[in-house]
Amino acid sequence: MRETLLIGLVFLFFLLQTHATTASEHVVGGNKGWDLYPELYFWPDGKHFKAGDVLIFKYNNPLFHVEAVNESQYINCNSEGQPKKIYSSGHDRVVLHKGLNYFICGGIDYCGYGMKIVVNATE
């Protein structure tokens, strides 16, 4: 009986550890993807993100891309030619770091029309 209980507790411990370290994937914009529509800006609202989670940016428009930027670049919708990173595959996978993660579409002022998001990732 004790052995069974001990084995069960060890199994539960490993199960909880595995669950705690599993990263979630989030498709930015849901079914609409990374596209120019008013709700995109609010997409992160009400969602929970953790450091290590993966954002998936899906888009077909060749004028779109994703730029990981700092707060100032996000606010000004301008990466000033030096974003942290540029993604342009149309199916970009970005791992979140702890804290605020800023993303804009750097093409032709799409950002100014709301094609930008900020995601807060907790531990």
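Let's start at the surface: K32 has 52% relative accessibility, which puts it in the exposed class. Here exposed means over 50% relative accessible area, buried means under 20%, and partly exposed is in between, using a 1.4 Å probe and protein chains only. Before going further, note that this is a predicted model, where local features need pLDDT of at least 70 and side-chain atom pairs count only at pLDDT 80 or more, while totals for chains, interfaces and linings use all residues. Residues are numbered from 1 along each chain as its sequence is written, and side-chain values use heavy atoms, leaving out hydrogens and water.

K32 has a partner in E39: their side chains form a salt bridge at 3.6 Å, N to O. A salt bridge here is a side-chain nitrogen of Lys or Arg within 4 Å of a carboxyl oxygen of Asp or Glu. E39 is partly exposed, at 44% relative accessibility. Under this rule, the count is three salt bridges.

Another of these pairs E25 with R93, with the closest N and O atoms 2.5 Å apart. This one links distant parts of the chain, since E25 sits in strand 1 and R93 in strand 6, 68 residues apart. Both ends are partly exposed: E25 at 48% relative accessibility, R93 with a relative accessible area of 44%. There is also a salt bridge between E123 and K98, whose closest N and O atoms are 3.3 Å apart. E123 is in the segment after strand 8 and K98 in the loop between strand 6 and strand 7, so this pair ties together parts 25 residues apart in sequence. E123 is exposed at 70%, and K98 is exposed at 53%.

Now for the overall layout. The protein has two helices and eight strands, and from the N terminus they run α-β-β-β-β-α-β-β-β-β. These elements are DSSP runs numbered from the N terminus: helices are H or I with at least four residues, strands are E with at least two. Of the 123 residues, 37% are buried. Among contacts between residues at least 6 apart in sequence, 67% join residues at least 24 apart; contact means heavy atoms within 4.5 Å.

Five of them make an open sheet in the order 2-8-7-4-5, with mixed pairing. Its edges are strand 2 (49–50) and strand 5 (85–87), each pairing on one side only. Two strands count as paired if DSSP finds at least two bridges between them. Strand 2 and strand 8 run parallel and are joined by two bridges, with F49 having A121 of strand 8 as its bridge partner.

What about the cysteines? C77 and C111 are joined by a disulfide, S to S 2.2 Å. The rule is a pair of cysteine sulfur atoms within 2.5 Å, and the count comes to one disulfide. C77 lies in the loop between helix 2 (71–76) and strand 5, and C111 in the loop between strand 7 (99–104) and strand 8, so the bond ties together parts 34 residues apart in sequence. The link is left-handed, at -65 degrees about the S-S bond. C77 is partly exposed at 22%, whereas C111 is buried at 3%. C105 is buried as well, at 1% relative accessibility, and its sulfur is 8.1 Å from the closest cysteine sulfur, in C111, which is too far for a bond.

We finish with another lysine, K116, found in strand 8 (residues 116–122). K116 is buried yet has no salt bridge; D109, the nearest side chain of opposite charge, is 8.9 Å away. For charge, Lys and Arg count as positive and Asp and Glu as negative, with His and the chain ends not counted. Where does the side chain of K116 reach? It comes to 3.3 Å from the backbone oxygen of Y74. Leaving aside residues up to four places away in sequence, K116 touches W34, L40, Y41, Y74, I75, C77, F103, I104 and C111. That list includes C77 and C111, the two cysteines of the disulfide.

Notes: A polar contact is a pair of N or O atoms within 3.5 Å; within protein, one must be able to donate a hydrogen and the other to accept it, and residues adjacent in sequence count only if both atoms are side-chain atoms.
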